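Good morning, and thank you for joining. I would like to take a few minutes to go through the pockets of this structure and one of its helices.

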Amino acid sequence: MRTRQLVRLYPLVLSVVPALALFAANQGHQFLSSLLAPVLVSVGLASIVMALARLTTKDPDVAAFRAFVLIAWFFAAGQARELLPPDMWVFGWFVDTAIPSQAVLAAVALFLLRLDLRARGESVTKALAVFSAVLAGMNLYPIVREGQAAAIRRPAPRSHASRRLPSGPPPPASRPDVVVVVLDGYARGDVLRET
């Protein structure tokens, strides 16, 4: 019985997948500790969604499915914008793809929320729990692998005292003259020659 209750927490697992995926894609540019805040926020918000979904039905499997759909819809809405071109040529007009894609996603989410899962609730729960675990594992594996590789590559600590760094800037005579030119636009060649 306790295992079934844990399996129903798969929406929480799904909620941390985007944070894990972003961290795995940017490994080496951030510390592992930077993953803690997004994971906690995702789990916290997913817990609220699960509690609200639980208020809509007495069946815990249906509530978990509804929370899963809402969380998946939330994360898919931003990804749909990235996958599609910004606008499409439709019957002689350019149409922004954001509105139709979001409308299709909302319609799919509403359709899934209306499904009657009472007869298949347990099998759907098991399938989505496996799906969420596989997604999380696919993004967690590179993080763990890179952490182990970094531990192997880490140099041994030095035993001798390190060199002291100066506490202030060097004297003005030893500082180089540095000029940084930042252009916010480029003129045409004939304008550059003329001016």
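Predicted model: local features only at pLDDT ≥ 70, side-chain atom pairs only at ≥ 80, totals over all residues.

H6 gives the largest share of its lining, with four residues.

Let me turn to the largest pocket, which holds about 300 Å³ of space. Three helices, H2 (10–25), H4 (60–83) and H6 (121–153), each supply at least two residues of its lining. The largest share, seven residues, comes from H4. Among the lining residues are Leu14, Val17, Pro18, Phe68, Phe74, Phe75, Phe131 and Leu135. How many residues of this lining are nonpolar, polar and charged? The lining of the largest pocket has 10 nonpolar residues, two polar and no charged ones.

Now to helix H2. A kink of about 30° lies at Val17, shortly before the proline Pro18. Both Val17 and Pro18 belong to the lining of the largest pocket. As for its length, the 16 residues of H2 should span 22 Å at 1.5 Å a residue, and the end C-alpha atoms are 23 Å apart, which agrees. The buried residues of H2 include Leu14, Val17, Leu20 and Phe23.

Conventions
Residues numbered from 1 in each chain as written. Heavy atoms only, no water. 1 Å grid on protein atoms, 1.4 Å probe; cavity = no way out; pocket = protein on both sides within 12 Å on 5 of 7 lines; lining within 4 Å. Points joined across faces, edges and corners; volume = space filled by probe spheres on them. Nonpolar A, V, L, I, M, F, W, Y, C, P; charged D, E, K, R; others polar. Expected span 1.5 Å × (residues − 1). Bend = angle between axes of the 7 residues up to and from the residue. Buried < 20%, exposed > 50% of the residue type's maximum accessible area, 1.4 Å probe, protein only.
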